Amino acid sequence: MAVTGWFVALVALGVVPIVATGSAWALVGWLVLVLALGGLDVALAASPRLLRIRRELPGPVRLGETTSAELVVVNEGRRTLRGVVRDAWQPSAGASVTRRALVVRPGRAWRATTTLTPFRRGERRAEEVTVRSIGPLRLAGRQAGHAVPGVVRVLPRFSSRRHLPSRLARLRELDGRTSVMIRGQGTEFDSLREYVRGDDVRSIDWRATARRSDLVVRTWRPERDRRVVIVVDSGRTSAARIEDEPRLDTAFESALLLGALASRAGDHVDLVVVDRRVRGRVQGATGAALLSTMVETMAPIEPELVETDWSTVPGLVRSVTTQRSLVVLVTPVDSPGSARSLLAAVPQLSQRHLVVVASVTDPDLAVAAVTRTNRDEVYRAAAAERARLDVARVAAALGQVGADVVSGSPADLPPALADRYLAYKAAGRL
């Protein structure tokens, strides 16, 4: 039996005067009367178990966007049900309202729309709907829970897509669609044109020059069909939040921007998310299907509170490709202790591949390191400076074993990684 506020008030209104007069029989009689009225109200209340409830859920939604889910309640009983319904979504689903007044006539349906604005990526769930049916006297009622599971998949935000147009414009310049032509190890022949002052004499095609009786030079463009393998660390260090965003989400932003850019450049992009086991893999997708497959794979992955086993990564890369590739390891480089496994794995990769380590840094460390107005801030500055020195030591060690390090804040890391990719293309290294 569900007791309402009216029931409690009715008991209090009778008990207080009777206790003041000291009449025990009157008190007992009053309580029996109130209980009888409450029992009658429960008996007259419509049964909440005679409801059929279903959900109408939206498709995937990007983090930060708003969507709506509908709850449909059908009364299969013979009495009108009046009461309250509670739809218990996870707090991170950002449900606008979870409790509503409910009136459903026999054989009729009642609908409620819940606005959802999720603030965490992944699968946001609702498991149970609780219905409280109130009797006509509004003293008591019945309550029952219905298992009505529902899931809304929240995809990565991909806010770094705003950097894509400017990087694509630079890519078109490198690709020879404007007058800019480059020369390097990783380039392929594009076309012939007449020599103009300032051209590299090493680009002169002497056979074509002999045929035309004019100096002719070769133009070059970055090679296509190269491999870009992105390895994202989902271990315990990826769970830390920087600027109110998990490091893993920043890693996904960086992977999405690089994947979109490399795909437009004609390169093959593969993604592996790993800690002690492979948590997600995207392989063989191209074009528009690449990004959609990547976001669908990333959406349900949450950080695991375990140390990442970097010793398995060289084998994973070999299972993806055997040709020389750009291998991007997206992982924090916080301290020498946690980076030992990474430092041991990088030389195996750099022997054959071009290796980049992309690491998100905390901009608050730079502020804390120079703020020293009181004793607490002095200690905090010392800790921040030590953390920055540790990052610098690990970055230097990675450089010694053949990896380039790209670092930046959550907002800066995705475009910085994309710029490094373009720099490799321009230099003919990829």
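**Exercise 1.** Which residues lie nearest the centre of the largest pocket?

*Solution.* The model is predicted, with local features requiring pLDDT of at least 70 and side-chain atom pairs pLDDT 80 or more, while totals for chains, interfaces and linings use all residues. Residues are numbered from 1 along each chain as its sequence is written, and side-chain values use heavy atoms, without hydrogens and water.

Step 1. A pocket is an open set of points on a 1 Å grid over the protein atoms alone, where a 1.4 Å probe fits, with protein on both sides within 12 Å along at least five of seven lines; lining residues have an atom within 4 Å of a point.

Step 2. Of the 15 lining residues, Phe119, Arg120, Arg241, Pro246 and Asp249 lie nearest the centre.

Step 3. The lining comprises 6 nonpolar, 1 polar and 8 charged residues, where charged denotes Asp, Glu, Lys and Arg, nonpolar denotes Ala, Val, Leu, Ile, Met, Phe, Trp, Tyr, Cys and Pro, and polar the others, Gly among them.

**Exercise 2.** State with which strands E4 pairs.

*Solution.* Step 1. Strands are DSSP runs of E with at least two residues, helices runs of H or I with at least four; pairing requires at least two DSSP bridges.

Step 2. E4 (residues 67–75) pairs antiparallel with E2 (residues 51–56) over 6 bridges, and Arg52 stands opposite Val74.

Step 3. With E7 (residues 109–116), E4 forms an antiparallel pairing over 8 bridges; Ser68 has Thr115 as its bridge partner.

**Exercise 3.** Identify the buried residues of helix H7.

*Solution.* Step 1. Buried means under 20% relative accessible area (1.4 Å probe, protein chains only).

Step 2. In H7 (residues 313–320), these are Val313, Pro314, Leu316, Val317 and Val320.

Step 3. Down the axis of H7 they fall within an arc of 160°, so they line one face of the helix; the arc is taken over directions from the helix axis to the C-beta atoms.

Definitions and conventions:
Buried means under 20% relative accessible area, exposed over 50%, partly exposed in between (1.4 Å probe, protein chains only).
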